[in-house]
Amino acid sequence: MLSSWEANSTFERSVENRRGGEEFVFYDGPPFANGLPHYGHLLTGFVKDAVPRYQTMRGRVVERRFGWDCHGLPAEVEAEKQLGVSGHVAISSYGIAAFNDYCRTSVLRYTEEWRRYVTRQARWVDFDNDYKTMDLPYMESVMWALAQLYNKGLLYEDYRVLPYCWECETPLSNSETRQDDAYRDRQDPAVTVAFHLRGDDPMDLWVWTTTPWTLPSNLALAVGSDIAYAVFERDGRRFALGEERVEAYEKSLAGATRVGTVRGADLVGRSYEPLFGFFSDTPGAFVVLAAPFVNTEDGTGIVHMAPGFGEDDQTVCAQAGIPVVCPVDERTRFTSEVPDFEGLQVFEANQPVIRALRDKGALVRSDSYVHSYPHCWRSDTPLVYRAVSSWFVKVTAIKEQLLAANAEIGWVPEHVRDGSFGRWLENARDWSISRNRFWGSPIPVWKSDNPDYPRVDVYGSLDELEADFGVRPADLHRPAIDELTRPNPDDPTGRSTMRRIPDVLDCWFESGSMPFAQVHYPFENKEWFETHFPGDFIVEYIGQTRGWFYTLHVLAVALFGRPAFSNCLAHGILLGEDGAKMSKRLRNYPDPQAMFDLYGADAMRWFLLGSPIMRGGDMIVDESGIKAAVRSGVLPYWNAWYFFSLYANADRRRANQRRVDSPNLLDRYVLAKLAGTVNAVTEAMDCYDLSGATALIESFLDSLDNWYIRRSRDRFWGTGEGREADTQDAFDTLATVLEVLSRLVAPLMPMVSEVVWQGLTGGDSVHLADWPQAGELQEDPALVARMDLAREVCGAAHSLRKANKLRARLPLAQLTVAGPHAGELAELADLIADEVNVRSVILTDDPTPFANPQLSVVFKVAAPRLGAAIQAVANAAKRGDWEILVDGAARVGSEILRPGEFDMKVSPLDASNTRPLADMAGVVVLDLELTAELEVEGRARDLVREVQQLRRDAGLEVSDRINLSVSGDKMLSVAVEAHREWISEQVLAASLRQVDVTDDGSGWTTVTLADGTGASILVERVG
């Protein structure tokens, strides 16, 4: 099928055939190609294929351009591993040009494997007209975006504490610390340290921290103004800690006496002696400050402040005029500013710092602390919060616009809008977009190298660069772009130079630029983009509310004042077979290629698209789930087609695929049922509810296979006088159903639907056909409701048979349906009787001889309104003191219950022969009494089953006629003679004879019927 599509350019034609129609703009989030795709990519790939296929069948033009993320840490980390270099010094020594050249050639290492996987999953996408974030046109559009932000006052530089990866030697944005698994449990040393207050009232303040390595950089302490601090004395020395933390420090307080209490506000402004003397001359430092974030949930209620290593620390200290000190290098190793620990990486310095505190007599307590701690999303390194210079997008300045634009987006599931995405926007911080790395889009900012003549130039195009530097760059990557310099126009001495800042852009900025950068806006395709933005649809997993969804949204609102997308499907997270997140290392998921080979891509697609993950839930991916998808979706559809083709070929019959006028009740039902399904699936697909669409189709397939085809099977045989017209009606109806169903299923099961549709119609491709229209089939809700009620009645009857161990082929005398809608089943009584194998069906609207209606109170709904009266209402319901009122409410005792505050059900008087129907539709009562006549007929039916099996075993065609010989005891003989004509008709027997003795070795088969009767059977094909 895949090779046929390729040979016939079916995908390309599906797009071209719709030219001139309305365009549907779909954004395909670009993946990195430095690794193989996994189930997460396959899942989004299935959605990215199903929605465009559907929209194409609706007559829209849907371009599907593939793209690649090329820049950033993923590429650099991989290159460092392969080259054996790590860190700025090593890379600079290796050569930035050589390093970036390696990144350029290696970043798309797995493109062919990606193409193979994507093609194997039957996803249609344009690989040949792809875009890459490292291409010059894309990078120029990114440059334009940055310049626009600067011109709008939304881009600025600041020195600020940020999460910092010391392995990658670059800061990260706050959103990156919220990526999957970024926070993990980590055990760190925790120390309580005594800081000595100066002045006339000296005492120690006990301070707790889980980052001992930050203590050499301590510049202040923070307390809560309203917190009460208990003062103790021991051996003539006083010390204080939060009153609510005294119990937690019981052992450390042994021998101490409580001597007073001091409020936090009274401690504010007091100075203390530095623990270490490294920064003792820092102006304004070593004082107690008030901070709103201080609490007594853990620690001592007093917080140590190192403004170079804490976001809150920096903010509070800045307000007090205390500068930032940050004595670590790019690898977070202590510099010569802290000679005692120089060269130690900060985490390595914890124990030496603790030893130094112990030697100083400042250590009160040392233990360990397990807490959730952020790690780098690429290197898995625990992050350090440190002050760095970075460029920021001023997200906080456009927060209200971001929230307003979010309200315009259709989210699936809907709660994401005000939930995870809305809350993220509410708490959004300014976005750090600069990375002091190598392989990425350069930040197009040139600054004067002489602070006496400050100047900043931000460039937004190649033209602007050429105008100022006299050369048009053919490559914007480092180091070539760094070599563009010019004299500072603001320096009259002519000695200062404009030099580009060395940072590159956060790769998330580039992926967020994708809608406009992929078409080289505004330098090309300006009119097209401005009339096709925002895009109609995107999809990724829920974590992208803090990633791609977020960056798309921020840049779209900041640059264009609009959301980037109109509809977004945020699916849940795929889990491995062990319930943990999927891991290549653990191999806790089935191999995708093996699953393709075993079950087919359509089975995997049906499994994933029909799962709760499409509505935001998490889901385990295992082989059993894919098998279940085969059983619930692929096989029922295929079996319906196989049944049709088998009987059509056997009968050498051609069917009309556009027949909707059959008078047969079953034909009318299945067509009406399909009409309703088409409308419901269309509505679901329009709302991007793919799991709802698959559930609707599965429900219809159950009606088709397990009701329509099974109840119509004998109509397809074409036997019996005067049945030709009805047989043709059956073939035409089933052909029509399969043709429409194939178009309905096509986006969700593209390969199987193609095989069925081509086999049925002889046409080119179902994917070049139009989506089923509402007017093609006639809805008949009343008939569908009646038939579905009949099916429920039959299901209840079968349940009673099973419970009483009465096999389906054993006829029973009578079935009674009692309920308010029983009369509507009159025209279906014979159908019900045949399905459940009873002689007669009795319909009555009065269920009281068989069951009692019962009312139960829904406490969680009714109790809040009724309060103390709820118990009396419950007792009245149990007594039967209730009635249903004309408006749908209920009087229960002396109270009125509203709809929803009570439930109704029917309770059978005899559960052995009675089953209730749903929604108070009544009960089904099965006559369980057996007679000899019924047992004889049951024996004949059992015989027919055995003969049919022998026909199949012999490889006979469904239309082949046979000569049938039977030998058995008197019980069997009576059954054969009593039902000779019926048996012959069922098994297509031209003759039926009974013999007393079988001729062993001449084709006879001995069987035991379901009632224990023995029989020998000889089946011989006629002709």
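## A serine contact, the cysteines and some aromatic pairs

The side chains of Ser 390 and Ser 432 are joined by a polar contact of 2.7 Å. A polar contact is a pair of N or O atoms within 3.5 Å; within protein, one must be able to donate a hydrogen and the other to accept it, and residues adjacent in sequence count only if both atoms are side-chain atoms. Welcome to this predicted model, where local features need pLDDT of at least 70, side-chain atom pairs count only at pLDDT 80 or more, and totals for chains, interfaces and linings use all residues. Residues are numbered from 1 along each chain as its sequence is written, and side-chain values use heavy atoms, with hydrogens and water left out.

Let us stay with Ser 390 for a moment. Its place is in strand E14 (residues 384-393); strands (E, at least two residues) and helices (H or I, at least four) are DSSP runs, numbered from the N terminus. Ser 390 counts as buried because its relative accessibility is 0%. Buried means under 20% relative accessible area (1.4 Å probe, protein chains only). Leaving aside residues up to four places away in sequence, Ser 390 touches several others, including Tyr 156, Asp 158 and Ile 433; contact means heavy atoms within 4.5 Å.

Next, the cysteines. A disulfide is a pair of cysteine sulfur atoms within 2.5 Å, and by this rule the count comes to zero. Cys 70 is in no disulfide, and the nearest cysteine sulfur, that of Cys 507, is 11 Å away. For Cys 317, the closest cysteine sulfur is in Cys 326, 13 Å away, so it is too far for a bond. At 0% relative accessibility, Cys 70 counts as buried, and at 0% Cys 317 counts as buried too.

Now to the rings. The structure holds 51 aromatic pairs: rings of Phe, Tyr and Trp (its six-membered ring) pair if their centres lie within 6.5 Å, and planes over 60 degrees apart count as edge-to-face. Here are two edge-to-face pairs.

| Pair | Centre to centre | Angle between planes |
|---|---|---|
| Trp 5 and Trp 124 | 5.0 Å | 75 degrees |
| Trp 213 and Phe 309 | 4.9 Å | 75 degrees |

Trp 5, in helix H1 (residues 2-7), and Trp 124, in the loop between helix H7 (111-120) and strand E2 (126-132), are 119 residues apart. Both Trp 5 and Trp 124 are buried. Trp 213 and Phe 309 link distant parts of the chain, 96 residues apart, and both are buried.

Key: Buried means under 20% relative accessible area, exposed over 50%, partly exposed in between (1.4 Å probe, protein chains only). Rings of Phe, Tyr and Trp (its six-membered ring) pair if their centres lie within 6.5 Å; planes under 30 degrees apart count as stacked, over 60 as edge-to-face and the rest as tilted.
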